[in-house]
Amino acid sequence: MRISLDLREKIESSEYFSFWKLQNKLTLGSLVAILFLSALFVIGSLALPEISTIQIVAFIVMIPALACFGIATCHLSNLESAKTQKEYERLLARLAETEDSQITLDRFFSIASDLMAVAGKDGHLKKVSKSLVNTLGYSEAVLLSTPFFEFIHPEDKEATRENIKTLNLGVRTVGFENRYRAADGSYRTLS
């Protein structure tokens with residue numbers, strides 16, 4: 001399923017960037033045609049003296065200047081499109097790496113026999129191992145949706161807060177233990 005989705009995304013992005021490249025080519029072609037027509041007008045105006053000098057000068061200055069501005073804008077658009085496409089491809093590669101890392105982490109958590117959890121700064125668990133789910137007796141959904149402080153024994157909450165402050169300072173703590181309430185109401189000591 002993911003492979004076909006990736007292929008479809010690549011085709012859509014390829015079509016998107018191809019569209020802009022085609023549009024830039026058409027714009028550039030139109031601007032070159034304007035310069036060519038301007039040259040024909042100049043030649044024609046030299047051959048037909050009834051056009052005033054001011055009109056000739058205005059046309060000779062204004063139209064090529066606008067066409068050159070358009071060509072420069074088109075060139076910058078091509079450069080920006082190429083830069084955007086490279087950035088898009090870089091982000092796709094980074095996303096693929098992230099997805100691979102997430103799959104590896106999911107596998108690790110599903111087969112690990114250790115009781116493990118990843119806690120967020122918002123007070124919720126972000127990931128729990130199957131063994132932790134089995135030990136505490138709650139479903140994974142309950143563990144992830146309930147603030148983890150609700151599971152901690154009331155006498156251990158202050159020590160847990162202090163340990164979190166220490167961890168947030170970048171100091172590793174080893175052997176920290178506290179008690180978590182299991183689904184059956186009993187408490188389990190976890191390290």
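Helices (H or I, at least four residues) and strands (E, at least two) are taken here as DSSP runs, numbered from the N terminus. With that in hand, let's start at Val-118, which sits in strand β1, spanning residues 117-119. Before going further, please keep in mind that this is a predicted model, in which local features need pLDDT of at least 70 and side-chain atom pairs count only at pLDDT 80 or more, while totals for chains, interfaces and linings use all residues. Residues are numbered from 1 along each chain as its sequence is written, and side-chain values use heavy atoms, with hydrogens and water left out.

How accessible is Val-118? Its relative accessibility is 36%, so Val-118 counts as partly exposed; on this scale buried means under 20% relative accessible area, exposed means over 50%, and partly exposed lies in between, using a 1.4 Å probe and protein chains only. Contact means heavy atoms within 4.5 Å. Leaving aside neighbours within four places in sequence, Val-118 is in contact with Phe-109, His-124, Leu-125, Lys-126 and Lys-127. Val-128 is 10 residues from Val-118 in sequence, and their C-alpha atoms are 6.5 Å apart in space.

Now to the charged side chains. A salt bridge is a side-chain nitrogen of Lys or Arg within 4 Å of a carboxyl oxygen of Asp or Glu. The model has eight salt bridges by this rule.

Between Arg-179 and Glu-155, the closest N and O atoms are 3.2 Å apart. Arg-179 belongs to strand β3 (residues 178-181) and Glu-155 to the loop between α4 (140-145) and α5 (157-168), so this bridge ties together parts that are 24 residues apart in sequence. The other bridge, from Arg-179 to Asp-156, has an N to O distance of 3.0 Å. This pair also links distant parts of the chain, with Arg-179 in strand β3 and Asp-156 in the loop between α4 and α5, 23 residues apart.

Arg-179 is partly exposed, at 25%, and Glu-155 is exposed, at 63%.
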